[in-house]
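Subject: Handover of a structure and findings

Dear colleague,

Please find below the structure that I am handing over to you. My findings follow it, grouped by topic.

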Amino acid sequence: MTETVLVARIKHETNTFSSLSTGRAEFESTSLFRGGEIVPEFRGTNTDLGGFLRVADEEGWEVVPTVAANATPGGVVTADALDAFVERLLAGIEESDPDAVLLGLHGAMVSERDRDGDGYILERVREAAGEDVPVMATLDLHANISDRMVDHADGLFGYDTYPHVDIGETGETAARAMAATLNGGLDPTIVVERAPLLPPLPVLQTADEPMASLLDAAGDAESAQVPDVSVFGGFAYADVPEAGFSVVGVTDESLADETRDDCAGIAAEADDRRHEFDRSYTSVAEAVEEASGWDATEGPLLLADIADNPGGGSAEDGTVILEALLEAGVEDVAVAAIYDPAAVDAAVEAGVGESLSVELGGHIEDNGDPISVDAYVRSLSDGTYRNQGPMSTGLQVSFERTAVLEIDGIDVIVGSHRQQPYDPEVFRSQGVTPERQRVLVLKSTVHYRAAFEPIAGTIREVSAPGLCSPDLSSFDYEQVQRPKYPLDGE
Ligand SMILES: [Zn+2]
């Protein structure tokens with residue numbers, strides 16, 4: 001008998017401190033595919049859907065693709081957008097009467113429709129599919145796990161890496177657990193244990209402690225009958241009650257008690273080692289001083305603008321580091337990127353090879369003022385490229401209409417759509433060779449490491465203002481359950 005497996009991808013990491021709301025247009029600009037468009041787009045990619053499709057081919061499933069929607073992290077998702085995606089997903093369930101449902105979710109979506117966006121999707125899917133149809137989802141390592149998500153799913157599978165280089169593998173793990181469930185080899189249930197921690201993004205890198213050992217312990221707790229134990233660092237910039245750290249196991253019902261104990265042990269170890277989540281950062285002044293004298297023989301100095309990361313919902317138009325580099329006269333620098341559609345329009349109007357005066361960046365959040373610059377238009381493009389590095393390999397992303405502006409020896413990629421610059425194609429697609437720069441500035445917190453560590457001479461995590469600032473005391477939390485470390489101290 002051929003099994004029918006319905007697949008969908010509805011993903012958003014919502015930064016509730018952002019002033020930009022996330023509507024349908026934002027999904028259209030980032031990644032939105034429907035029905036028959038989905039399989040050709042995602043087959044062979046290192047994505048959740050890519051992983052589902054690999055296993056579906058092995059198992060001979062009939063795949064029912066419904067919707068694949070992802071938007072650059074930002075403010076709250078509009079009701080209109082979430083309704084449109086959920087309606088398409090539910091219509092697919094109604095029409096195909098599937099044997100199973102596999103979802104690629106994020107786990108930190110906040111919507112006008114429902115503050116617990118992912119819990120809402122899972123609840124609606126469960127209602128439509130019925131209790132007997134297994135429902136499993138992959139989640140980002142930055143998921144905030146609500147009880148409702150656990151109640152309405154049969155499996156929740158988190159990425160084990162940050163940078164997230166195992167998204168496709170996580171999709172395969174979920175799909176294999178689904179195959180075992182469909183053939184009667186697994187009676188899945190989910191256990192969750194939490195720790196009173198709200199770690200900011202940079203400290204969740206999985207190459208560093210304590211995440212490295214916590215993930216090792218999670219791996220040790222897995223077995224044929226416990227297909228996944230995930231460590232979720234949580235997403236500190238979604239001010240929702242469930243924001244924070246959790247450990248989730250997907251286990252055969254017969255091993256639920258043991259798996260719960262294992263998860264509780266990992267959560268307790270994270271709490272015991274809470275001070276290892278403390279970290280110090282490079283100031284803008286220190287970064288500029290180092291950049292001024294940088295000898296790039298061993299590779300460029302990479303300054304990560306960790307707080308203004310659009311991949312965590314920041315505006316990507318912060319100017320503090322760029323302005324300081326310009327003031328210090330640092331040259332041979334490439335910056336990715338500044339989001340400023342009006343500046344791109346002005347560059348298009350001026351044309352390639354012409355010069356113009358613009359007020360660049362600093363228009364959206366409180367992360368630096370617009371800077372008045374005279375810029376030379378080096379190139380104009382549609383800003384689209386396909387990732388070649390280890391993360392989301394093969395996935396197409398876009399800054400949309402894009403200008404490379406040269407300002408006093410600094411090449412700045414200026415885009416019309418917010419996109420995290422984590423793949424070197426961000427430069428190469430614009431005719432800028434990252435290896436030949438003396439200094440690189442990237443608006444990314446951690447993901448750039450996957451592909452840029454081999455290129456960079458040295459990396460500095462620079463603390464400038466932005467909506468992914470590791471200084472959580474700068475945010476006005478109202479809903480998150482307290483106390484949390486480090487927000488409330490000891
Ligand atoms: Zn993430």
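Where in the chain is Ser-392 found? Ser-392 sits in the loop between β14 (384-386) and β15 (396-398). Please note that this is a predicted model.

Backbone geometry

Most residues other than glycine have a negative phi, and most peptide bonds are trans. Ser-392 is not a glycine, yet its phi is positive, at about 45 degrees. Ser-392 counts as buried because its relative accessible area is 6%, under the 20% limit. Asp-97 also has a positive phi, near 45 degrees, and is likewise a residue other than glycine. Asp-97 belongs to the loop between α4 (79-96) and β4 (100-105). With a relative accessibility of 62%, Asp-97 counts as exposed.

Two cis peptide bonds deserve mention. One leads from Tyr-162 to Pro-163, with omega near 10 degrees; Pro-163 lies in the loop between β6 (155-158) and α7 (167-182). Another joins Ala-336 and Ala-337, where omega is about -5 degrees. Ala-337 is part of strand β11 (residues 333-339).

Salt bridges

A search of the whole structure gives 35 salt bridges. Among them is the pair Glu-58 and Arg-176, whose closest N and O atoms are 3.0 Å apart. Glu-58 belongs to helix α3 (residues 48-59) and Arg-176 to helix α7, so this pair ties together parts that are 118 residues apart in sequence. Glu-58 is exposed, with a relative accessible area of 53%, whereas Arg-176 is partly exposed at 38% relative accessibility.

Arg-176 also meets the side chain of Glu-172 in a salt bridge, at 3.2 Å from N to O. Both residues lie in helix α7, four residues apart, which is about one turn of the helix. Glu-172 is buried, with a relative accessible area of 19%.

The side chains of Asp-147 and Arg-194 form a further salt bridge (3.1 Å, N to O). This pair links distant parts of the chain, 47 residues apart: Asp-147 is in helix α6 (residues 147-151) and Arg-194 in strand β7 (residues 188-195). Asp-147 is partly exposed at 46% relative accessibility, and Arg-194 is partly exposed at 40%.

A network of salt bridges links Asp-208, Arg-279, Arg-449, Glu-453 and Glu-461.

Surface patches

Asp-257, Glu-258, Asp-261 and Asp-262 form a negative surface patch. One of these residues, Glu-258, is found in helix α9 (residues 256-272) and counts as partly exposed, at 43% relative accessibility. A nonpolar surface patch of about 210 Å² is made by Val-348, Val-352 and Leu-380. Val-348 lies in helix α12 (residues 341-350) and is partly exposed, with a relative accessibility of 31%.

Cysteines and a contact in space

A disulfide is a covalent bond between the sulfur atoms of two cysteines. How many disulfides does a search of the whole structure find? The search finds zero. Cys-263 is buried at 0% relative accessibility, and Cys-468 is buried at 0% as well.

Finally, Glu-28 and Ala-69 are 41 residues apart in sequence and 8.0 Å apart in space, from C-alpha to C-alpha. Glu-28 lies in helix α1 (residues 24-30) and counts as partly exposed, with 46% relative accessibility.

Yours sincerely

Definitions and conventions: Residues are numbered from 1 along each chain as its sequence is written. This is a predicted model: local features need pLDDT of at least 70, side-chain atom pairs count only at pLDDT 80 or more; totals for chains, interfaces and linings use all residues. Side-chain values use heavy atoms; hydrogens and water are left out. Patches are made of residues with over 30% relative accessible area and no salt bridge: like charges are joined within 9 Å, nonpolar side chains (Val, Leu, Ile, Met, Phe, Trp, Tyr) within 5 Å. Accessible areas come from the Shrake-Rupley method with a 1.4 Å probe; for residues, only the protein chains shown count as cover. A salt bridge is a side-chain nitrogen of Lys or Arg within 4 Å of a carboxyl oxygen of Asp or Glu. Lys and Arg count as positive and Asp and Glu as negative; His and the chain ends are not counted. The place of a charge is taken as NZ of Lys, CZ of Arg, CG of Asp or CD of Glu. Helices (H or I, at least four residues) and strands (E, at least two) are DSSP runs, numbered from the N terminus. Buried means under 20% relative accessible area, exposed over 50%, partly exposed in between (1.4 Å probe, protein chains only). A disulfide is a pair of cysteine sulfur atoms within 2.5 Å.
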